[in-house]
Amino acid sequence: MKRLRYSVLAFTLLGLFIGGVGNVWGSGTTEKSGAPIEIKLLSRWSEDTPQSNLFRARIDEFNAKNSDIRIIGEFISDEPAFLDKLRTSFATGQLYDIYWGYGGSREADYAVNGLLVDMEPVKKANPEWAAKFIPGLDDKWKYPGTTGTFGIPGEMYSIALFYNEELFSRAGLKPPVTIEDFEKVSDAFLKQGIIPFALGAKDAWRTGHLFNNFIMKTFGSAGVDALAKRTMAYDSKEISSIFTKISDYNKRGYFGPNAVSVDYNQEKTLFQQGKSAMHMDGSWYLGEIAAYPNVDSFGVMSFPYVKEAYKASWFGSGGGWSVCKSKDKAHEAAAVKVAMYITEMDYFSRAVIANKGGIQPVVMKDSDTKGAVISSISKKHMVALSEAKDLRDDVQTYDPLPSMLDTARIAIQGLFIGKSPQDVSKEILAEIKARAQ
């Protein structure tokens, strides 16, 4: 029954992800007669984690089973490097056959310019394969000016706040529910020489994720839409107050003595070693933390809310796969076959087993997770996530400008190297103005 409730929880999130969101170069080359079709795949999973190891094993498994198709995988875990690689591939016309992505404005041009395969005919031709996906989760790959769906879900995630239960207990503190609670707890930990909330601000995506949480816990989805529609500006008092809060917290030492010198991996190490009381991370972290020897000493909570009305608003969404068109239809068909293989129910079932829990982009039955042992941390995550009623991806995913994700993240990172909230606002607005000309 626990596994069934787990699956039902994933299904209840289906409505939370739906709100808001030329020339064909040809990704394939003509293969030599008798040689296997080589499918170039770009993904994120290069780390030594349960999820990454599972995915790379899936690629090896496909190659072992198929003599006529061979997957050539390229794995880049660093997000800026990954996004640069993806953008460069389209800019130079050297497309990957399949790539990992998150939809939204940063990928819309690829579909609008006719470079991506519409997956709707594939779904209609393979109803059993298509039926398992949570309805609406692929809406982020539907773009204005197109009539298809140009991606398929490969992941579902939410961003939570993990915390060290033993540190909180010894300090006589309770997990913070409100942002005021967070400040009191952080001040108490600082007095004890413990970093309240280590942040790897050296990686700009970490500062971007922090901002996303503040937006969702202050304004909910309405704030995300307002920024995208320009009815709320990045220099408005509402957004300036968030920039100011992040800057003030950094100056107080909440994120560590020098957060900009710490990267994501170092941030996780500080948390595991008990040197940081809280750690912001996605549900992809569940498999990794489940392997910690002291996993039972950690808990999970929602990011503290700023306004109570948005207590149930969470930062979260999903990623997935897009297939690039090819002039060689046999090559394109091979790429579609690969995309289906890496998104079969069997793969997601193995993901639950490998990660000892987690959330998947499919509706699962008890039989789909037979043999899975759900970790204590995944159970705690499920309890925390059960409050969610409103989820959104990165704020800039919904922005009409593809460049806004990098622009906003780098600008916000500036708060950790001495830039003022006003400087950050000006930097973001300058990009909006430049693109409007």
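## Helices and strands

Helices (H or I, at least four residues) and strands (E, at least two) are DSSP runs, numbered from the N terminus. This chain has 18 helices and nine strands.

This is a predicted model, in which local features need pLDDT of at least 70, side-chain atom pairs count only at pLDDT 80 or more, and totals for chains, interfaces and linings use all residues. Residues are numbered from 1 along each chain as its sequence is written, and side-chain values use heavy atoms, with hydrogens and water left out.

## Overall size

Line up the C-alpha atoms along the principal axes and they fill a box of roughly 70 × 60 × 35 Å. Of the 437 residues, 59% count as buried, meaning under 20% relative accessible area with a 1.4 Å probe, protein chains only.

## Aromatic rings

Now for the rings: a search of the whole structure turns up 33 aromatic pairs. Rings of Phe, Tyr and Trp (its six-membered ring) pair if their centres lie within 6.5 Å; planes under 30 degrees apart are stacked, over 60 edge-to-face, and the rest tilted.

Tyr 163 and Phe 168 make an edge-to-face pair, 5.3 Å centre to centre with 75° between the planes. Both partners are tucked away: Tyr 163 is buried at 12% relative accessible area, and Phe 168 is buried at 2%. Elsewhere, one aromatic cluster includes Trp 45, Phe 55 and Trp 100.

## Charges over rings

A charge sits over a ring if NZ of Lys or CZ of Arg is within 6 Å of the ring centre and within 35 degrees of the ring normal. Arg 44 does this with Phe 82, at 5.6 Å from the ring centre, while Lys 140 has its charged end over the ring of Trp 141, 5.7 Å from the centre.

Technical notes
Buried < 20%, exposed > 50% of the residue type's maximum accessible area, 1.4 Å probe, protein only.
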